[in-house]
Amino acid sequence: MDFWTSRASVLAGIVVSMRPRQWIKTSSCSRPHLRQEADVLPSLERAAAAFGLFCCASGAVYIVNDLFDADRDRKHPLKARRPIASKALGTLPAVTAAILLITGALMAAFALSPPFGAVLLAYVVVNLVYSFWLRRS
């Protein structure tokens, strides 16, 4: 596999692992911004940025979940096709992507608005707590 093909397949595995089809649920987080200030372009840009940051954060959480569930997912007929479970996406690129996505999303969120950053941080923490402890009990 040549350099560009391997890079493209890693990137594709990361994007698939982020589960973009689930991002429609994320749009509900941006709706208050859109409704409240629909006439002001900067507010629409901020709402779009908030949506993108929620997508990055939720995608990173999906990657973390897949990393921890990989062995169990390999035994499931559908989940075994996921990039991490199928080993199409290696552990190191997946961990790196999750760290960069979470860190970047949180830094950008706090730069956009400290209260929004706090909401996104709470979202990430709650989802990780659920994934690691509450779901398993």
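I looked up Arg72 to begin with. Arg72 is exposed, because its relative accessible area is 51% and the cut-off for exposed is over 50%. The model I am reading is a predicted one. Which residue does Arg72 pair with in a salt bridge? I found Asp69, with the closest N and O atoms 3.4 Å apart. Both residues sit in helix α3, three residues apart, so about one helical turn separates them. Is Asp69 buried or exposed? Asp69 is buried, with a relative accessible area of 8%.

**The salt-bridge network**

Next I checked how many salt bridges the structure holds. The count is five. I then traced a network of them, which links Arg19, Asp66, Asp73 and Arg82.

I took Arg82 next. Its side chain meets that of Asp73 in a salt bridge, at 3.6 Å from N to O. Arg82 also forms a salt bridge with Asp66, where the closest N and O atoms are 3.4 Å apart. This second pair links distant parts of the chain. Asp66 belongs to helix α3, while Arg82 lies in the loop between α3 and α4, 16 residues apart.

I compared accessibility around the network. Asp66 counts as buried at 4% relative accessibility. Asp73 counts as buried too, at 4%. Arg82 is partly exposed, with a relative accessible area of 24%.

**The nonpolar core**

I turned to the largest nonpolar core. It has 25 residues. Those with the most contacts inside it are Ile14, Leu53, Ile63, Ile84, Phe116 and Leu120. Helices α3 (41-73), α4 (91-112) and α5 each supply at least two residues of this core. Which helix gives the most? It is α3, with nine residues. I noted the general background: in soluble globular proteins, nonpolar side chains tend to be buried together.

Where does the largest share come from? Helix α5 (residues 114-134) gives six residues. I checked Leu134, which lies in α5. Leu134 counts as exposed, at 54% relative accessibility.

Technical notes:
Residues numbered from 1 in each chain as written. Predicted model: local features only at pLDDT ≥ 70, side-chain atom pairs only at ≥ 80, totals over all residues. Heavy atoms only, no water. Helix = DSSP H or I, 4+ residues; strand = E, 2+ residues; numbered from the N terminus. Buried < 20%, exposed > 50% of the residue type's maximum accessible area, 1.4 Å probe, protein only. Core = buried A, V, L, I, M, F, W, Y, C linked by side-chain atoms within 4.5 Å. Salt bridge = Lys/Arg side-chain N within 4 Å of Asp/Glu carboxyl O.
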